[in-house]
Each structure stands twice: as structure tokens, then as C-alpha cells.
Amino acid sequence: MATDTLKSTTGAGGATNGLRRLLLDNGALTALIVLVIAMSALSGDFLDPDNLLNVGVQAAVTAVLAFGVTFVIVSAGIDLSVGSVAALSATVLAWTATSHGVPVVIAVLLAVATGIAAGLVNGFLIAYGKLPPFIATLAMLSVARGLSLVISEGSPIAFPDSVSHLGDTLGGWLPVPVLVMIVMGLIAAFVLGRTYIGRSMYAIGGNEEAARLSGLRVKKQKLAIYALSGVFAAVAGVVLASRLSSAQPQAADGYELDAIAAVVIGGASLAGGTGKASGTLIGALILAVLRNGLNLLNVSAFWQQVVIGVVIALAVLFDTLRRKAGATPVAGGASAGGKGKQAGTYALAAVVTVAIVGATSFLHNGSSASSHQKMGLSLSTLNNPFFVQIRAGAQAEAKKLGVDLTVTDAQNDASQQANQLQNFTSSGVGAIIVNPVDSDAASNSVKAADKADIPVIAVDRVVNNAKTSALVASDNVAGGELAAKSIAEKLGGKGKIVILQGQAGTSAARERAQGFANGLKAFPGIQVVAQQPADFDRTKGLDVMSNLLQAHPDVQGVIAANDEMALGAVKALGSKAGKSVSVVGFDGTPDGLKAVEGGSLYASVAQQPTQLGRIAVDNALKALKGEKVQQTVKVPVKVVTKENVAGFSG
């Protein structure tokens with residue numbers, strides 16, 4: 001009996017010591033546990049089972065990408081192209097299956113082959129072309145993104161239904177993206193730990209020259225390593241597109257940075273030679289928990305980026321210090337008494353906790369205990385004055401009506417917006433207002449909200465293939481027609497013009513371009529000498545217009561799909577703006593109206609964004625209370641010129 005008791009005690013103590021050792025040896029795991037505890041304490045919605053599944057779904061694409069990047073980083077390389085390769089692979093699948101009737105199985109194989117081909121090109125340029133990995137994969141980032149835009153012609157392509165099920169759930173509770181993440185993680189762990197190529201990765205990353213001298217065919221191994229990264233990128237692209245029910249040419253933009261961050265947070269060294277699939281998974285989960293928790297806590301969309309960046313930097317810094325402290329030898333063969341490791345791990349946990357608690361204390365915009373009606377507003381971007389005005393109008397109306405409004409910024413990323421809408425749904429807001437990044441990509445998330453009996457109001461852009469309580473919008477096509485008519489009449493029906501288009505793949509860019517084309521049909525004397533995208537950005541508008549002026553110095557007019565690009569064009573035109581060259585913008589932003597008043601901008605088609613935000617909140621509150629709302633609420637567009645700008649109110 002005494003022996004049994006001793007064994008039992010020893011077993012319990014061994015388990016405790018094992019857990020303690022596991023946490024001490026894995027700073028990232030400790031950080032994840034601390035994050036979960038902190039978020040659970042700060043938000044009562046965080047530990048809801050549906051929300052935890054949301055976290056898993058939101059981590060899936062980043063994790064699958066990061067598993068592939070792990071191979072590259074372990075071998076002391078880098079792959080900046082994975083996000084673009086993911087988008088290209090998904091576009092190839094949708095283009096071949098949907099647009100050309102290729103059997104889905106073959107289309108999937110072509111998508112994977114696309115990822116392999118991109119990886120092989122990267123590997124060839126690095127191994128045989130002697131290009132630095134950073135440069136080779138940066139070039140592929142641009143090439144793959146460009147090809148996805150060329151193939152799709154800048155528009156999303158509907159995904160085959162048989163593949164779109166990858167975005168669904170099994171048994172009504174297990175999300176397929178989470179299952180794919182687990183399967184791909186197991187494959188990555190097997191490759192790294194049980195295969196010849198996995199051992200080669202560690203050897204090359206540890207000392208490439210020594211690996212070569214030992215007989216390892218380093219060049220061929222690098223080809224295989226980057227090809228594997230391409231395979232994982234292709235799978236991630238298919239999963240992402242399945243969630244959105246469409247292949248987006250701009251999908252996964254910037255995801256390579258999240259993938260690299262996940263790998264490094266998970267314990268891999270950018271110098272090569274270390275890294276595990278399990279660590280990468282933990283790193284991806286940390287990023288997902290941070291974003292999910294900050295959404296639930298109503299932290300400002302701008303501050304979220306700051307908090308995430310700071311926590312990532314601190315996590316990696318203290319994990320590095322922990323590993324260095326643990327590797328310091330002492331007398332008797334022990335490492336720095338385990339005390340360095342323990343101190344580093346606990347310091348990491350403390351820093352993450354303080355960062356989260358401190359950030360939420362200072363930045364929290366609402367109270368979870370508020371008795372007010374709660375709403376969520378997901379904007380496509382806040383890097384544009386037009387959408388900033390929508391937010392301002394919505395916030396002013398919410399304050400007036402006593403509504404607790406949470407605002408998120410999707411940063412023109414349809415996948416990130418899907419995550420935000422899922423977070424709103426699982427946190428139990430009373431109503432959701434969405435300004436879609438893309439009209440098709442938002443449909444699945446809106447359907448989920450509708451299933452949860454949460455009314456959804458679309459603002460500025462429609463949500464396709466999903467039920468919304470109302471659409472509050474101006475008519476982009478009609479506005480485009482007004483812009484075309486204004487420039488044509490200003491030029492007397494004759495002249496050469498250029499068109500600055502919006503971000504390829506967005507519904508606003510497509511609709512306004514259609515409006516420009518429709519309006520110009522009535523003026524055959526107007527010649528469009530060039531059309532180029534400038535991504536709704538003022539700096540790009542300046543650069544693109546400067547380039548176009550070299551080829552078309554005699555241009556007489558410019559139509560821009562928003563005021564920001566129009567103001568960039570005005571800067572490029574210099575003294576010509578408002579004199580020999582007339583420029584028409586779109587949106588009626590404060591800077592745009594000032595330029596109209598000053599004469600450098602001939603006109604702006606104003607949508608009254610502040611009114612859009614106010615009316616959207618009004619209708620959301622009506623829908624939340626069960627009151628009848630109009631299916632479509634149109635806010636009139638106005639052509640603002642110098643003659644009427646003084647009386648205009650946005």
C-alpha cells in the first residue's frame with residue numbers, strides 16, 4: 001500500500017513537473033495560455049464555444065501558409081510570395097472549373113500544380129540563380145499577384161460548389177478549415193520530423209556549407225523545400241476562397257507577414273536550423289486570439305494594429321531571451337539553473353498580460369456590461385476619408401440614440417472582414433452593419449448572422465446572394481455616369497481623357513468603371529487614351545498620373561474613381577489642373593471639396609458618406625426592434641462644382 005501511494009504521488013509529481021517543463025520550454029505556449037486567460041477575464045463572450053471555433057477558423061489560413069513557410073525558415077530561407085501564390089492558385093481553380101468547365105478534381109490538381117510551379121521557380125532562382133531568397137520571392141509575390149489579376153480580369157470568380165464546402169462545417173459543429181489546418185499540421189510535423197527532406201532542412205539551416213560537404217545535394221533540396229511551401233500556399237488559397245465562395249484576385253494580401261510572424265513566434269529562428277510545426281500552430285493561434293479578442297473588446301481599429309505589432313515584437317524578444325538564458329551552461333552540466341529559462345518565460349507571460357490588459361484599459365471603447373443596444377459596424381477600410389466619414393456619421397448617430405457601436409476595419413481584406421462579421425455574430429450584437437470589401441465574399445458571413453437572427457444592414461455596397469434587412473447606398477453606376485457626363489460637357493463633347501480606376505477586384509471599382517463607360521457612350525467625341533488602376537490611393541494617383549503624362553502630354557481631362565486619386569492627379573498636373581486639364585473625382589470628401597472650391601478639381605460626385613453612416617444606424621436600430629425598414633434606402637448623389645460647393649453639406 002505504501003508503495004502504491006508512493007507511485008501515485010510520484011506519478012502526479014511527474015505529471016506536474018512535465019507540464020511545468022513543457023511550459024518553461026515553450027514560451028509561445030505559455031503566452032497563448034496567458035492570452036486566453038486574459039481575454040476570458042476581459043470578455044465574457046471569448047470562451048463561448050462558437051467563438052472558440054471562430055478563432056480556429058480564423059487561424060486556419062495563416063497556419064496552413066505558415067506550415068509551408070516553416071520549411072523555408074528552418075532551412076535559413078524566406079518566402080514572401082506565399083500570399084500571392086495562394087491567391088493565384090485559388091484563381092486558377094475557379095477560372096478553370098467555373099469559367100471553362102474543367103472537372104473539379106482536375107481543377108484542384110491544377111491549383112496545386114500552380115503552387116508547386118511557383119515554388120520551383122523560387123527554388124531555381126535561389127539555388128541555381130544565386131538570388132537572395134528575399135529578392136527571388138519578392139519578385140514572385142508581384143508576378144503571382146499580377147497573374148491572378150490578369151486571369152480574373154480584376155474581378156472575383158465564383159468558386160465551384162463542390163469545393164466551397166471546404167468553408168462549411170462537419171456535423172454542424174466542426175469547421176472544415178480547422179480540420180484542414182490539423183491535417184496539414186500533421187503532414188508538416190511528419191515531414192520535419194520523420195523524413196529525409198525534413199532532416200535536410202535542419203542541416204541546411206544549421207550550416208549549409210557543412211551540409212554540402214557531407215554529401216547533401218543542397219540545390220535539389222532547396223527546389224523541393226520551396227515547392228513544398230508552394231503546395232501549402234495553394235491549399236491555403238483554396239481554403240480561403242472556399243470561405244468566401246469566390247476566388248479574390250487581391251486575397252491573402254500581406255498574409256506572408258502573418259505567416260512569417262507565426263513561425264517566429266512559434267520558436268523558429270530566422271537564422272535557420274530550428275523550428276517545429278507545433279510551434280507554428282501556436283504562433284498562428286496567438287495572432288488569431290489577439291485579433292478576435294480585440295474585436296470583442298471593441299478596441300479601436302487603428303489601435304488594434306499597434307497592439308498586435310507590439311505584442312508580437314515583445315513575444316519574440318522575450319522568447320529569444322528565454323532561450324538564450326536556458327542555453328547558458330553552468331558547472332555540473334546544468335543550464336543556467338533553469339532560473340534563466342523560468343525568468344524569461346514568466347517575463348514573457350507578464351509582458352503579454354500587461355500589454356493586453358493595459359491596451360484594453362486605455363483603448364476599450366465600450367462596456368460589456370452596457371445596457372445599451374449593441375451593434376457592430378465592419379468597414380472595408382479606414383484608410384480612406386470617405387469611409388472615415390461613414391464611421392463618423394454612424395458613431396454620431398449611435399451616440400445620439402444611445403447605441404453601443406463597435407467599429408472594425410477590414411483593411412480591404414475580404415477574409416479579415418469575414419472574421420470580423422463572425423466575431424460580431426458570436427458575441428451576440430443586436431444588429432450588424434457591413435460595408436463589404438466585396439459583395440460576393442461577404443455573403444457566407446451575412447448568412448450566418450441571418451441564421452442567428454441578427455439583422456444585417458449593408459451600407460454603400462450590396463451583399464450578393466444573402467438576405468439583408470436593408471441596403472443604404474448611393475448608386476455607384478449612376479454616379480459614374482454623372483462623372484462621365486460632367487467631364488464630357490466641360491470639354492464640349494470632344495477631347496482626350498484618362499481614367500484612374502480603383503482597386504482591382506473591389507465592387508466599387510467595377511461599378512464606377514461601368515458607370516464611366518455607360519456615360520461616355522453618349523459622347524463619341526471623347527477619346528479615352530488610357531485607363532490604369534491607382535487603388536483609391538492619393539500617392540498612387542500621383543505616380544500613375546505622372547507616368548501617363550509622359551505618354552499623353554496632350555490629355556485634356558481626368559476621371560478618377562475617388563477624390564484621393566483625383567487629388568493625386570491634380571498634384572501630378574501641377575499648374576495645368578483646373579486650367580488646361582479638367583479633373584473630376586468621386587466621393588465628395590472634405591479635401592476634395594476644398595479642391596473644387598479652389599478650382600484645381602473641376603467637380604466631385606458626392607455620395608454624402610456621413611448621411612450613409614447615420615441612416616445605416618437608424619435602420620439597424622429599427623430592424624433590431626422588429627420595426628419595418630425599406631429594403632433599399634438610396635442617398636442621392638450630387639455633382640459638386642465651384643458653383644454649388646458653398647451650399648453643399650456632406
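Good morning. Two residues are in contact when heavy atoms of theirs lie within 4.5 Å. By that criterion, 76% of the contacts in this chain with a separation of 6 or more join residues 24 or more positions apart.

The model before you is predicted, so local features need a pLDDT of at least 70 and side-chain atom pairs count only at pLDDT 80 or more, while totals for chains, interfaces and linings use all residues. Residues are numbered from 1 along each chain as its sequence is written, and side-chain values use heavy atoms, with hydrogens and water left out.

Let me begin with the whole chain. The chain has 24 helices and 16 strands; these are DSSP runs, with helices (H or I) of at least four residues and strands (E) of at least two, numbered from the N terminus. Of its 650 residues, 54% are buried, meaning under 20% relative accessible area with a 1.4 Å probe, protein chains only.

Next, the interior. A nonpolar core is a set of buried Ala, Val, Leu, Ile, Met, Phe, Trp, Tyr and Cys residues joined through side-chain atoms within 4.5 Å. The largest one here has 91 residues, and Leu 65, Phe 67, Phe 71, Met 181, Met 201 and Ile 286 touch the most other members. Helix H3, residues 49-74, gives the most to this core, with 15 residues. What does Leu 65 contact, leaving aside its neighbours within four places in sequence? The partners are Val 82, Ala 86, Ala 233, Ala 236, Tyr 255 and Ala 259. Apart from this core lies another, of 49 residues, including Ile 497, Met 545, Met 565 and Leu 567.

A cavity is a set of points, on a 1 Å grid over the protein atoms alone, where a 1.4 Å probe fits but cannot get out; its lining residues have an atom within 4 Å of a point. The structure holds two cavities of 30 Å³ or more, where a volume is the space filled by probe spheres set on the points.

The largest cavity has a volume of about 100 Å³. Of its 12 lining residues, Gln 248, Gln 250, Ala 251, Asn 412 and Val 437 lie nearest its centre.

The second largest cavity has a volume of about 30 Å³. Its lining includes Asp 79, Val 82, Asn 122, Tyr 226 and Ala 233. Helices H4 (82-99), H5 (104-127) and H11 (218-244) each give two or more residues to that lining, and H11 gives the most, with four. Val 82 and Ala 233 of this lining are also among the contacts of Leu 65.

Thank you.

Conventions
Buried means under 20% relative accessible area, exposed over 50%, partly exposed in between (1.4 Å probe, protein chains only). On a 1 Å grid over the protein atoms alone, a cavity is a set of points where a 1.4 Å probe fits but cannot get out, and a pocket is an open set with protein on both sides within 12 Å along at least five of seven lines; lining residues have an atom within 4 Å of a point.
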